[in-house]
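Open the structure in your viewer and keep the selection tool at hand. The tour goes from the whole chain to single residues, one selection at a time.

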Amino acid sequence: MNALEIDHLNKAYGSLRALTDLTFDVHAGEIFGFVGSNGAGKTTAMRIMLGVLAADSGQVRWKGSELDLEARRRVGYMPEERGLYPKMKVGEQLEFLAGLHGMSPTAAKGAVEHWTDRLGVGERRGDDVEKLSLGNQQRVQLAAALVHDPDVLVLDEPFSGLDPVAVDVMSGVLRERAQAGVPVIFSSHQLELVERLCDRVGIVRAGRMEALGSIDELRATDHPTWLLDVDAAPDAVMASLATLPGLTTTPVTEHPGQLHVVATTRDAEAPRAILRAALELGAVREFSPVRPSLADLFRGVVSAGEDPAVDPSASDAKEGAR
Ligand SMILES: Nc1ncnc2c1ncn2[C@@H]1O[C@H](COP(=O)(O)OP(=O)(O)OP(=O)(O)O)[C@@H](O)[C@H]1O
């Protein structure tokens, strides 16, 4: 099987369970988005995939065989902590790293020229890494992950801190690598980007894989939601809908007067019942299904595990502070 398989990984740091039975695979040629709140376990899982951290149990396989040291040389990895030597020249450093992956000096030089040009840092090959802006250092870091033409790409937050042009360049490179048959997995908190770029997504919460699939597959398992705008007092609409079974209604913060109606059970009759109840109160200005974004789906998955006693805005504040 041409896939990177992550099979029942468990990992604890002392008494903290960082991963619990984490299982998923990334197929050859697909871009997989690995998302989750801060501390959900993404970096831990990616470090285990690379072999820089040992799992307590579970396996990582590539093409059906456990990833051994030799196979790991064929993986391109972009670590979250970034790992470039600040006082070494960009070109020399990349050639050195390519050599560690077994490339000849001539092949390494050609590959370094190719990738630095492709990633827009060709002009900086003769500069020390520390003289580059953080975004350009990140482009060099991606070049380091790509320079040995890896069979698998594992990238920890490759898009954080990049300007929109660099995001486009990086997205183009990942698409191109996937089209060449490479499984690409990357973590990110930029959910719009993940939604745009990825074939499949995995949402982790507290070390467990809580949702897995294409965005459309995740939408299909989500609770159907409608936007409702009635010419009547919102409180009266909410009170009326509260009498119907299996529905929860919340005001849309950005648009006073509009409501989101969520069906907590799947009932084909629900839209008709909502519309009937609304029409009894006033003219219906809008009634339409809401297509949840990945950010909406993510919030649903994360809030499903929240302790109701905990103020949910606290975790938003943490996300926003990143
Ligand atoms: N070396 C370590 N020692 C102890 N605990 C650790 C260590 N590394 C990570 N952890 C803990 O393990 C959990 C998972 O951390 P991890 O860095 O894998 O999460 P993450 O999903 O990558 O988070 P972020 O999005 O913030 O980068 C967190 O609770 C973290 O505090």
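Begin with residues 4-231. The end C-alpha atoms of this span lie 54 Å apart, and the span is 36% helix and 29% strand. The selection comes from a record: the unreviewed UniProt entry annotates residues 4-231 as "domain: ABC transporter".

**The whole chain**

Now select everything. What is on screen is a predicted model. The chain has 12 helices and 14 strands, and its C-alpha trace spans about 80 × 40 × 35 Å along the principal axes. Of the 322 residues, 34% are buried. Among contacts with a separation of 6 or more, 70% are between residues 24 or more positions apart.

Colour two ranges next. The domain assignment gives domain 1 as 3-213 and domain 2 as 223-291. Between the C-alpha centres of domain 1 and domain 2 there are 44 Å.

Select β1 (residues 3-13) together with β2 (residues 16-27). These strands run antiparallel and are joined by eight bridges. One place to look is A3, which stands opposite H27 in β2. β1 and β2 form a hairpin with two residues between them. In that turn, G14 has a positive phi of about 60°.

The pairing of β1 and β4 is antiparallel, over five bridges. I6 faces V60 in β4 across this pair, standing opposite it.

β4 and β5 are paired antiparallel through two bridges, and R61 has E66 in β5 as its bridge partner.

Stop at K63, in the loop between β4 and β5. The hairpin formed by β4 and β5 has two residues between its strands. What is the phi of K63? The phi of K63 is near 55°, a positive value in a residue other than glycine. Most residues other than glycine have a negative phi. K63 counts as partly exposed because it has 14 C-beta neighbours inside 10 Å.

**The six-stranded sheet**

Hide the previous selection and show β6, β7, β8, β3, β9 and β10. Six strands form an open sheet in the order β6-β7-β8-β3-β9-β10, with mixed pairing. The edge strands are β6 and β10 (208-213), each of which pairs on one side only. From one strand to the next, the twist averages 15°.

Zoom in on the β6 end. β6 and β7 pair in the parallel sense over four bridges. Within this pair, Y77 stands opposite V154 in β7.

α5 lies across β6 and β7, running at about 160° to β6. α6 packs on the sheet and touches β3 (31-36), β7 and β8 (184-187). The direction of α6 makes about 150° with that of β8.

**Helix α5**

Select α5 alone, residues 134-146. How far apart are its end C-alpha atoms? They are 19 Å apart, which agrees with the 18 Å that its 13 residues should span at 1.5 Å a residue.

Is α5 mostly covered or mostly open? The helix is mostly covered, with 10 of its 13 residues buried. Among the buried residues are N136, R139, L142 and L146.

Pick E113, which is placed in helix α4. E113 is partly exposed, since 15 other C-beta atoms lie within 10 Å. Draw a distance from E113 to A143: their C-alpha atoms are separated by 9.8 Å, although the two are 30 residues apart along the chain. A143 is one of the buried residues of α5.

Finally, select D149, in the loop between α5 and β7. D149 has a phi near 50°, a positive value in a residue other than glycine. Why does D149 count as partly exposed? The reason is its 17 C-beta neighbours inside 10 Å, because a residue is buried at 20 or more such neighbours and exposed at 12 or fewer.

Technical notes:
Residues numbered from 1 in each chain as written. Predicted model: local features only at pLDDT ≥ 70, side-chain atom pairs only at ≥ 80, totals over all residues. Expected span 1.5 Å × (residues − 1). UniProt positions renumbered as here; feature names shortened; annotations may be inferred. Domains from an automatic or database assignment. Pairing = 2+ DSSP bridges. Axes fitted to C-alpha atoms, helices over the stretch in contact; angles between N-to-C directions. Contact = placed C-beta atoms within 7 Å.
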